[in-house]
Amino acid sequence: MRHKQSILLPAVRLLCAALAGAALATHAAAADAGPAVAPLPLVELAPGVHVHYGIHQPWSAHNAGNVANLGVVIGSRCAAVIDTGGSPSLGEQLRAAVGRLTRLPVCYVINTHVHPDHVLGNSAFAGGTTPAQIVGHARLGPSLAARAPYYLEAFRRESGTALPPETVVYPTRTVEDTLEIDLGERKLLLRAWPTAHTDNDLTVYDENTGTLFTGDLLFIDHLPVIDGQLRGWLKVIAALKLLAPKLAVPGHGRASADLRQAIAPQEAYLGAVLNQTRAAIAAGLPIQRALEQFDDSVTRGWQLADAFHRRNLTAAYAELEWEE
Ligand SMILES: [Zn+2]
């Protein structure tokens, strides 16, 4: 396991540095702009279910960390936000967008997993007279705590200014298995999954409309990124295929009315990565030789393969090298 961490950590650090730079830039811009915050555009996919679509880019200063899908679900008592965006200022923009939809408070922020493009806007909802409960997988807190120093160091390195640790807002309520939360005449069923995309993936199901927010357990068009366990993710995909939501909202990409169909390309890609990596290890190829020989046609049709495919192969090799 140590070997795996030593291979993956530089990639995580690079990602964090890029993400942090974007977050810092947008945070500074928001502070300069004063109280006027431009609301993020939202699309109403089903009654009371709204989504902001992130763009298909790696997180960078040029896109303000605006790369992940963010959700809003509104009940009769209060609203829930599902992921908060890749910077404090993006979180402020999401909060402004919610304020246009309803006067009800945001009582829950639900984080689908630890990646900064999903959690760094939390701070926008954590203060004020009615702070939201921050809800996440039982392993979200420890994972975020382990990564926060890298986020903060990246902020400092990019800006020359140390950000306070409060920039990273941790869950106040955790999910071990499942949790039902009530927004008033509207229940959300949260489910914590075994290690897959990360070790802290959480899905959110809105019973009223049959909408399932998958977080990054489902990527559409944007190449899937392995940061948990490849074999575990394929098992979770098999379980997700048994669900039949009316609508599936991925962490990246457009919503789909057919989860089984929407998840098929991801399952094929991850399956190909698994098979090629196992074959390379069985042939005794060291990782550099293996990387040279992999068949990159498996990335055909995916966006951002240049940014993430080799990283995925490296992660898969590190995981499968120790496979029994
Ligand atoms: Zn992710």
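This is a predicted model: local features need pLDDT of at least 70, side-chain atom pairs count only at pLDDT 80 or more; totals for chains, interfaces and linings use all residues.

Q: Why is α2 called largely enclosed by the rest of the structure?
A: Because 10 of its 14 residues are buried. Among them are Pro 88, Leu 90, Glu 92, Arg 95 and Val 98. To be called buried, a residue needs 20 or more other C-beta atoms within 10 Å of its own.

Q: Which residues touch the most other members of the largest nonpolar core?
A: Out of 79 residues in that core, they are Ala 79, Ala 80, Val 81, Val 106 and Val 109. The largest share, seven residues, comes from helix α7.

Q: What is Val 109 in contact with, beyond its neighbours within four places in sequence?
A: The list is Val 81, Thr 84, Asn 122, Phe 125, Ala 132, Ile 134 and Val 135.

Q: What makes β8 and β12 edge strands?
A: The open sheet runs β8-β9-β10-β11-β12, with mixed pairing. Both β8 and β12 pair on one side only.

Q: How do you know that β10 and β11 pair?
A: They share three bridges, in the antiparallel sense, and pairing takes at least two, so they qualify. Val 204, for instance, has Phe 213 in β11 as its bridge partner. Helix α7 packs on this sheet, touching β11 and β12.

Notes. Residues are numbered from 1 along each chain as its sequence is written. A nonpolar core is a set of buried Ala, Val, Leu, Ile, Met, Phe, Trp, Tyr and Cys residues joined through C-beta atoms within 7 Å. A residue is buried if 20 or more other C-beta atoms lie within 10 Å of its own, exposed if 12 or fewer, and partly exposed in between; C-beta atoms are placed from the backbone. Helices (H or I, at least four residues) and strands (E, at least two) are DSSP runs, numbered from the N terminus. Two residues are in contact if their C-beta atoms, placed from the backbone, lie within 7 Å. Axes are lines fitted to C-alpha atoms, for helices over the stretch in contact, and angles run from 0 to 180 degrees between N-to-C directions.
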